[in-house]
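Morning, everyone. Let me put one model up and walk you through it.

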Amino acid sequence: MTFLFPLQHIGPMRYWSGTNQERAADMHENSNFALEQLHDLLKADRFAPDGKLPTERTLSEMFGVSRRAVRRALEVLEAEGSIWRRQGSGTYTGRKPDGWDEQVETIVAGTNFMEVMEVRLRIEPQLAQLAAMRAKGEEAAAMRRFADKTFEGEDSDARELWDGALHRQIAQSAGNQFFLSLFEVVNRVRQDEAWRAIRQRARLAENTRQRSYSEHLAIIEAIEARDPARAGEAMRCHLLRLQESIIRQTSMDHLEMNDIDESIGSMPARLL
C-alpha cells in the first residue's frame, strides 16, 4: 500500500511516497537528507558555545539515518568549508584556522600569562572595532546572550565557558578570517588548566563578577552603536583590568612561595 505522511525532523514539513519498508530503507541511507538537515542546523546555530557539533551517533539518532549517511554529509560540509575537524576533539562549525592547528599545543606550552595578555591587548580591541563596523543584528544579540550567561553562570567552569563564547563571537563578527585564526590560537590558552585556575583565583579575590558584566555590556553597546573607537577602548579597558588582576594574583602566589621557602629554611635541620 502506498501513502503519504509527514516526516517530523528539524527541517520543514515534507512528505514521502512509498511502502513502509521502502521508506525505512531509503531514509536510513539518505545522505542527501542528512546533509539538508545539517544545513538547517548550521543556519539555526544550534550548537555549543564553542561551535562543536554533536557526535555522529547523536546526529544519526536525531535525523533517523545511518551513521554512514551522517559521515558522508559531514564530508561534504567539510569540503564546503562549513565545518572542520580537530583530531581527538570533535567537529566544529566554520573554517579550520589554516596552518595553525598542528602548532597550537607547542605554542601554548611555550608561553605564559603575561605574553598571552600582551597579545590579547593588541588583537581583541582591533577585533571589537571591526565588529562595530560589521556585526549583524543577530550577532550582537548573541553577544548579549553570552554576556548574560557569563554573569549568571553557577560556577567558574560555566562562566569561563560563556566568557570564551562571548569573546569568540566578537572575533567572528569582525569578519576577518586571518584575525580569527590568530584569536583561536590565543583562545586555546583559555582551556589550559593553569590559566583557568589563575583567572578563577583573581575573580574570587577581587569579586569582579559585576564589574566584568558591566565591561562586557559596554563593549556590546559600542558595537551595537557602530562606534569602533568606543568598542576598541572598552575592550582595551576590560583586558587591562584583567591583566592587572592576574599580575596581583601571580605576585601574591610568588610571595606565598617565598614565605614557604623562608619557613622551611628557618626550620631546624632535625625537622627536615
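How do the residues of the lining of the largest pocket divide into nonpolar, polar and charged? They divide into 10 nonpolar, 10 polar and 11 charged. Here Ala, Val, Leu, Ile, Met, Phe, Trp, Tyr, Cys and Pro count as nonpolar, Asp, Glu, Lys and Arg as charged, and the others, Gly among them, as polar.

Before I go on, the ground rules. This is a predicted model, where local features need pLDDT of at least 70, side-chain atom pairs count only at pLDDT 80 or more, and totals for chains, interfaces and linings use all residues. Residues are numbered from 1 along each chain as its sequence is written, and side-chain values use heavy atoms, with hydrogens and water left out.

Back to the pocket. About 840 Å³ of space lies in the largest pocket. The lining has 31 residues, and the closest to the pocket centre are Asp45, Thr93, Glu139, Gln169 and Gln172. A pocket, on a 1 Å grid over the protein atoms alone, is an open set of points where a 1.4 Å probe fits, with protein on both sides within 12 Å along at least five of seven lines; lining residues have an atom within 4 Å of a point. Points are joined across faces, edges and corners, and the volume is the space filled by probe spheres set on them.

Which element supplies the largest share of that lining? H8 does, with 7 residues. H7, H8 and H9 each supply at least two.

Take Gln169. Its place is in helix H8. Gln169 is buried, with a relative accessible area of 10%. Buried means under 20% relative accessible area, exposed over 50%, and partly exposed in between, with a 1.4 Å probe and protein chains only. Leaving aside neighbours within four places in sequence, Gln169 is in contact with Glu139, Ala142, Met143 and Phe146. Contact means heavy atoms within 4.5 Å.

Now the overall chain. It has 12 helices and 4 strands. Those are DSSP runs, numbered from the N terminus: helices are H or I with at least four residues, strands are E with at least two. Buried residues make up 43% of the 272 residues. Among contacts with a separation of 6 or more, 66% come from residues 24 or more positions apart.

Next, the cores. The largest nonpolar core has 38 residues, and Met143, Leu166, Ile170 and Ile223 have the most contacts inside it. Helices H6 (113-134), H7 (137-152), H8 (156-173), H9 (177-189), H10, H11 and H12 (228-266) each give two or more residues to this core. H6 gives the most, with 9 residues. A nonpolar core is a set of buried Ala, Val, Leu, Ile, Met, Phe, Trp, Tyr and Cys residues joined through side-chain atoms within 4.5 Å.

Leu166 touches Met143, Phe146, Ala147, His216 and Ile220, leaving aside neighbours within four places in sequence. Apart from this core lies another, of 16 residues, among them Ala34, Leu35, Leu41 and Ala69.

Leu77 is next. Leu77 is found in helix H4, residues 67-80. Buried or exposed? Leu77 is buried, with a relative accessible area of 0%. Beyond its neighbours within four places in sequence, Leu77 is in contact with Leu35, Leu38, His39, Leu42, Ser82 and Ile83.

On to the strands. S3 (residues 83-86) and S4 (residues 90-93) run antiparallel, joined by 4 bridges. Two strands pair if DSSP finds at least two bridges between them. The bridge partner of Trp84 is Tyr92 in S4. Arg86 stands opposite Gly90. The hairpin has 3 residues between the strands, and Gly88 takes a positive phi near 80°.

Last, two loop residues. Arg226 is found in the loop between H11 and H12. Arg226 has a positive phi of about 60° although it is not a glycine. Most residues other than glycine have a negative phi. Arg226 is partly exposed, with a relative accessible area of 44%.

Thr208 lies in the loop between H10 (193-206) and H11 (209-224). Thr208 is buried, with a relative accessible area of 3%. Thr208 and Leu242 are 34 residues apart in sequence and 9.3 Å apart in space, C-alpha to C-alpha.
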